[in-house]
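Subject: Structure handover

Hi,

Here is the structure for you to look over. My notes follow below it.

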Amino acid sequence: MTDTTVAGAFTAARLDRLPVSRWHRKITLIVGIGSFFDLYEVFLGGVLGAALAERWQLGHTARAWVIAAAFLGMFVGANVLSVLADRVGRRRMFLVNLGAYAGCSLLCAFAPNLPWLLALRFLSGIGLGAELVLVDTYLAEFLPRAVRGRYIAWAYTFGFLGVPVVALLGARLVAAHQLLGVDGWRWLLVAGGLGAGFLQLIRRQLPESPRWLMVQGREAEAERIVADIEARVAHETGGSLPLVPAAGTPPERKVPLGALLRGDHRRRTVMWCVFQVLQTVGYYGFGSLAPVVLTAKGHTVTDSLLYAALSFCGYPIGSALSVPLIDRIERRTLIAAAALAIAACGLVFGLADAPWLIVGSGFALTLCSNVFSNTFHVYQTEIFPTGVRSSAIGIAYSLSRLTSVVLPFLALAVLARFGAVAVFAGSAVLMVLLCLDVVLLGPRSTGRSLERI
């Protein structure tokens with residue numbers, strides 16, 4: 001074992017044994033707010049599809065492209081930017097992706113027609129393609145193992161406030177048609193771009209991941225960052241820090257990308273790629289298609305956006321609910337239980353006609369969705385090594401974005417021909433397959449060091 005790998009193991013052990021402090025909560029907040037804009041953009045597609053259908057006389061295919069364009073960009077971004085994050089660093093890519101999204105989102109607000117809107121939505125999607133991948137990777141590499149799950153869940157709770165916000169803003173601005181002489185849907189794009197630009201300035205203070213630096217052989221930089229964190233935590237907690245465990249943790253080495261298709265990593269890679277394709281239908285399918293499904297069932301655009309907004313309130317509440325559960329229940333078990341609940345609630349939503357049942361079933365579905373989502377976001381950071389963590393998560397996650405490109409076309413075609421019940425029945429079947437995939441092929445991870453999983 002080389003001195004570098006021993007030092008890397010010692011660095012990981014030093015980070016894992018730290019007590020939770022204000023410093024940990026600060027980076028969780030700063031990083032978590034970034035997920036707000038990713039989720040804001042994801043669910044904005046459904047709002048824009050409903051809002052522009054009448055204004056620009058969009059048919060089924062055109063509406064599907066309004067939703068799909070950003071997802072296509074996210075597919076590209078998730079593959080390219082996530083791999084770059086393993087090459088040039090987590091912090092640098094954090095700044096690149098948000099900057100690209102902020103600029104393109106602002107340009108989107110000035111789109112004169114559908115082709116321009118789709119092109120700019122694609123480019124802004126590239127900027128956001130790696131955002132959630134980086135959120136997961138960055139926080140997992142800093143947070144102590146005892147609180148890793150619930151603190152990442154808190155980060156997403158901040159982020160998921162964006163989902164009801166975009167729906168409520170959409171309902172309000174679309175209903176008003178114009179604000180200060182400008183179409184309301186354009187203001188939604190301006191808000192996302194300006195907010196992301198401001199967050200990029202705040203993120204400049206974030207340090208690079210010491211775990212990543214150690215894998216790259218940059219021991220001196222990693223040592224400075226860890227020593228600074230230890231000094232901050234000791235000052236905040238007002239006492240001496242716990243001793244580093246004598247046994248330490250198994251060292252991590254630089255791993256080639258091809259290793260994901262060999263040995264034990266191959267099983268995990270295949271399992272997670274299948275998972276990401278299937279989870280898209282049950283999770284993103286509802287959020288991005290709910291307003292369109294409701295208008296297809298005969299509700300007005302304004303009522304559909306209002307019902308969707310009230311349903312989406314379950315996202316931040318479900319995210320907060322996951323916090324006390326995520327470190328107490330084995331990850332893969334919690335993922336499977338939440339997935340089955342999503343399937344059941346989706347069937348009720350597809351059958352519902354009364355407003356109270358639409359909102360009630362939609363709220364229950366979104367609540368379960370974020371117990372599901374937070375758990376799998378934590379889980380995916382734990383099953384791949386540091387050297388390829390961002391690449392592995394990003395490549396698998398890109399498949400969810402690619403599925404999201406195809407999903408609107410298939411779902412809207414099924415919706416037009418067979419109705420809402422058929423859409424959600426198909427989703428339920430896929431969620432059951434997802435449960436089998438994770439339970440049978442996924443490793444246990446709760447409470448274990450990243451280096452030991």
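Start with Glu131: this residue is buried, at a relative accessible area of 0%. Buried here means under 20% relative accessible area, exposed means over 50%, and partly exposed lies in between, with a 1.4 Å probe and protein chains only. The model is predicted, so to speak of local features pLDDT must be at least 70, side-chain atom pairs count only at pLDDT 80 or more, and totals for chains, interfaces and linings use all residues. Residues are numbered from 1 along each chain as its sequence is written, and side-chain values use heavy atoms, with hydrogens and water left out.

**Salt bridges**

Glu131 pairs with Arg203 in a salt bridge, with 2.6 Å between the closest N and O atoms. The term covers a side-chain nitrogen of Lys or Arg within 4 Å of a carboxyl oxygen of Asp or Glu. This pair links distant parts of the chain: Glu131 sits in helix 6 (residues 131-142) and Arg203 in helix 9 (residues 184-203), 72 residues apart. Helices are DSSP runs (H or I, at least four residues), numbered from the N terminus. Arg203 is buried too, at 1% relative accessible area.

Helix 6 also holds Glu141, which is 248 residues from its partner Arg389 in helix 18. Glu141 and Arg389 are both buried. Salt bridges with shared partners also join Arg148, Arg150, Asp327, Arg331 and Glu382 into one network.

Arg90 and Asp86 form another salt bridge, at 2.5 Å from N to O. Both of these residues are buried. The whole structure has 15 salt bridges.

**Helix packing**

Helix 3 (residues 60-88) packs against helix 18 (residues 389-418) at about 175 degrees, with the axes 7 Å apart. Axes are lines fitted to C-alpha atoms, for helices over the stretch in contact, and angles run from 0 to 180 degrees between N-to-C directions. The two helices are therefore roughly antiparallel. That label applies over 145 degrees; under 35 is roughly parallel, 65 to 115 roughly perpendicular and the rest oblique. The contact residues divide into 18 nonpolar, nine polar and four charged. Nonpolar covers Ala, Val, Leu, Ile, Met, Phe, Trp, Tyr, Cys and Pro; charged covers Asp, Glu, Lys and Arg; the others, Gly among them, are polar.

**Surface patch**

A nonpolar patch lies on the surface, with about 690 Å² of accessible area together; Leu340, Val429 and Val439 are among its residues. Patch residues have over 30% relative accessible area and no salt bridge; like charges are joined within 9 Å, nonpolar side chains (Val, Leu, Ile, Met, Phe, Trp, Tyr) within 5 Å. Areas come from the Shrake-Rupley method with a 1.4 Å probe; for residues, only the protein chains shown count as cover. Helix 19 (residues 420-441) gives the largest share, seven residues. Val439 is found in this helix. Val439 is partly exposed, at 41% relative accessible area.

**Single residues**

Gln57 has a positive phi of about 55 degrees, although it is not a glycine. Gln57 lies in the loop between helix 2 (22-55) and helix 3. Gln57 is exposed, at 65% relative accessibility.

Tyr283 is in the loop between helix 12 (263-282) and helix 13 (284-296). Tyr283 is buried, at 1%.

Phe349 belongs to helix 16 (residues 331-351). Phe349 is buried, at 2%.
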